[in-house]
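I opened my notebook to get to know a new structure, with its core and its pockets on my list. Come along and look with me.

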Amino acid sequence: MIHYTISCPNPASQFLRIDLYFSYKAGEQVHLQLPAWRAGRYQIANYAQNLRGLNVQKEEGQPISLKKITKDCWVIEAEKSMQIHLFYDYWAGKMDAGSAWVDDQQIYVNLVNCCFEIQGKSEEAIEVHLDLPNYPKQILTLKQTKTSTWMAENYQVLVDATVLAAKKVEYETYTIGKTQFLAWFHGEIHFDRSQFIKHLHAFTTQLITDFGSFPEPQYQFIFQLLPYPHYHGVEHRRGTVITFGPASALTEKEAMEELLGISCHELYHAWNVCRIRPKEFLPYDFSKETYSQAGLVLEGVTTYFGDLYLLKSGVYDLPTYLRHLEKIVQREAVNYGWKNASIQESSIDLWLDGYVQGVPDRKVNIYSHGALICLCLDLILLQEGSSLAEVMKGMWENFGLPFKGYEIQDFENEISLRVSHPEKISNFFDAYVRGKKDIFPVLKESLGALGIEVKKTYSENGLLHQAGIQVNGQQVVQLIHPESSAYHYLMCSDQVLSTNQNSETSNWEIEVLRKGRKIKLNFVLEEGSYYPLIQLEIGGHAPLLTSWM
């Protein structure tokens, strides 16, 4: 059996001490591979940069040769069979939902950050022991076997787990069917816990009802309630970590809605991604990039349903739901990346720049753009007497329960099976999933079928709406509308110093600071209004609205 012990001799240093024990057969060449990325974030993270002092020795204490062959892979070679002891320090100095953090109050680590895959032994059981006596409240999203000790069936299960050992943790629990749900809270709680759990129970019940079953016998929410602004969540098969701050803001309705939104989103991942998974992710290869075209399903579907199930379960009323949908529509209304990359291409490009803005209008956001595509697909299905929820139940039964990988074509097929004219779905995917066609006309029509009107308004901000120039709080240009005359004069990173416009001639004079140079620009604006403000308004009752909700 493989055995890990995690300790922390000096919390102020933020270094964990990790000891790894395993057996070695004579003549083997053992490759020790540290993950370069983690599930849920398809971006190289290079966790090896946080590792120091890697050493290996026999059980008796004599050193063994260790050779580094790549940035995150080492090889051990020995002449006879023996027990190997590998030990190293790992820096836990990043607080978010997918990383690791150590301080005087807690030891928190996602094990994918710091646990080696011993190639050739990936299917062996792995024991994890926490030697952290100063942090008595200990949580690990694995099966506990004895005090401070847990077991993972294999490496893939191990690195899907999270450790939280703290001096103080509070919790609530609820049970639905055969599954126990635990909600752990680290940090200050500024809200009614019982009311919060009622909301969790409500949307969990609705999700289980629609999918038909829950994937695991136990599921753990780990909430890191922070004193500073933060918002992040990461999915795991047996739980989720959610970092949110400032915790004091959760007395406010809007902040609580955000926390509930990310909680529902991550719970939806327990089915979609954690079990309903593209074939290229079964199993995960954490040593290098793993490309997938399925971003629409991975995050578009989850973003759409993460909010919709708050409405379906009664946690949100319709105006609250529309206010959150409005934010997504607004985000997409000012992004013209769809002209340059499809959502399938943007899914692959997560590995390039999928989690940052990147160069202007280069790609689409698989979360928000994907959610709008899913809304349109849901309305097509509702008009046929089906729904996207039924499609995802089919994906669960055909791919999630048997835990076999799907291809993006399988998702399209599940939809096509539920409509009278399958070519309509094929044409839709050609245009909006594989293609680069504007989804907004279809979105407006879909929302109209629900009795929801999309209104475009414009404020008195002439720089934004007449010139098509977006600036930040320091008046630095962030984005320029590609159809505006300003696109040919201003540059991103210019700082706008002054503006002067002649309403009669449409002539604009703008002074900017460009890399230390003051420049005066003169140009004539053609007619047009840019970057509208989006409002969603409930109109008359539409028959589809009831079945959608």
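**Pockets first, then the core**

I began with the lining of the largest pocket and sorted its residues by class: nine are nonpolar, eleven polar and ten charged. I kept in mind that this is a predicted model.

Next I looked up the space inside, and the largest pocket came out at a volume of about 810 Å³. Its lining counts 30 residues, and closest to the centre I found Tyr231, Ile262, His265, Thr303 and Tyr367.

Which element gives the largest share of this lining? I noted helix 3, with seven residues. At least two residues each come from strand 20 (230-236), helix 3 (253-268), helix 4 (295-312) and helix 5 (318-333).

I moved on to the second largest pocket, which holds about 510 Å³ of space. Of its 23 lining residues, Asn335, Val356, Gln357, Lys363 and Asn365 are the closest to the centre. Helix 5 and strand 24 (477-480) are the elements that give two or more residues to this lining. By class I wrote down ten nonpolar, eight polar and five charged residues for the second largest pocket.

Then I turned to the largest nonpolar core, which has 170 residues. Tyr4, Phe116, Leu158, Phe411 and Trp548 have the most contacts inside it. Helix 8 (residues 368-382) gives the most to this core, eleven residues.

I picked Phe411 to follow up. Leaving aside neighbours within four places in sequence, Phe411 is in contact with Leu296, Val297, Val301, Leu388, Val391, Met392, Met395 and Phe429.

My last entry is another core that lies apart, with 15 residues, including Leu490, Trp508, Ile519 and Leu521.

Terms used:
Residues numbered from 1 in each chain as written. Predicted model: local features only at pLDDT ≥ 70, side-chain atom pairs only at ≥ 80, totals over all residues. Heavy atoms only, no water. Core = buried A, V, L, I, M, F, W, Y, C linked by side-chain atoms within 4.5 Å. Buried < 20%, exposed > 50% of the residue type's maximum accessible area, 1.4 Å probe, protein only. Helix = DSSP H or I, 4+ residues; strand = E, 2+ residues; numbered from the N terminus. Contact = heavy atoms within 4.5 Å. 1 Å grid on protein atoms, 1.4 Å probe; cavity = no way out; pocket = protein on both sides within 12 Å on 5 of 7 lines; lining within 4 Å. Points joined across faces, edges and corners; volume = space filled by probe spheres on them. Nonpolar A, V, L, I, M, F, W, Y, C, P; charged D, E, K, R; others polar.
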